[in-house]
Amino acid sequence: QKDYKRLLSYHAISQVGYMVLGVGTAIPIGIVGGLFHMINHAMYKSCLFLTGGAVERQTGTTDLGRLGGIAGKMPVTFACFFIAAAAISGMPPLNGFYSKELIYDAALERNPLFYLAAILGTFLTAASFLKLGHSAYFGGRKEHTAATKEAPLAMLVPMIVIAAGCVLFGLHNALP
């Protein structure tokens, strides 16, 4: 996919797969993991869509071919993107790591193939977000994005709050 927001939309399918896997194990730790992952997914996916909206507002596009090199122009947006992308990819110590860990434990207990499929999904998610982050925020700066500046404060505050929640629910994962 070559569109920022569409790429995010496709990830919803894989993340729902984790929720179903967790609950479908019918093991208490898996059910808790699936429900925790639902909360986490709502958080980091909201943050990612907010970063996509900020990028679209400031650059006029979500086409990854027309974006590039905006991390320095939109550092707060990039930081929020990075936190949310790392969370959805299951990187510790963020919230997505802990919900996926519970799901992995239950999947491994039920069937090692479920566990391997979940791990593969995590690697593919991380690879996809590396592509998205590189295409939008790094890579070569396009002429189209040369005058880009940071999003307005009204757009940044919700992103920052949700990104902070991803960190909080990772560091203090017993809260939810």
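In which handedness of crossing does α1 pass α4? The model is a predicted one, so numbering and cut-offs come first: residues count from 1 along each chain as its sequence is written, local features need pLDDT of at least 70, side-chain atom pairs count only at pLDDT 80 or more, and totals for chains, interfaces and linings use all residues. Side-chain values use heavy atoms, with hydrogens and water left out.

Now to the helices, which are DSSP runs of H or I with at least four residues, numbered from the N terminus. α1 passes α4 in a left-handed crossing, meaning that the near helix is turned anticlockwise from the far one by less than a right angle. On the α1 side the contact (heavy atoms within 4.5 Å) is made by Q15, Y18, L21 and G22, and on the α4 side by K100, I103, Y104 and A107. Sorted by class, that makes 5 nonpolar, 2 polar and 1 charged residues; here Ala, Val, Leu, Ile, Met, Phe, Trp, Tyr, Cys and Pro count as nonpolar, Asp, Glu, Lys and Arg as charged, and the others, Gly among them, as polar.

A26 sits in the loop between α1 (4–24) and α2 (28–59), and has a positive phi of about 60° despite not being a glycine.

Note on methods
Helices (H or I, at least four residues) and strands (E, at least two) are DSSP runs, numbered from the N terminus.
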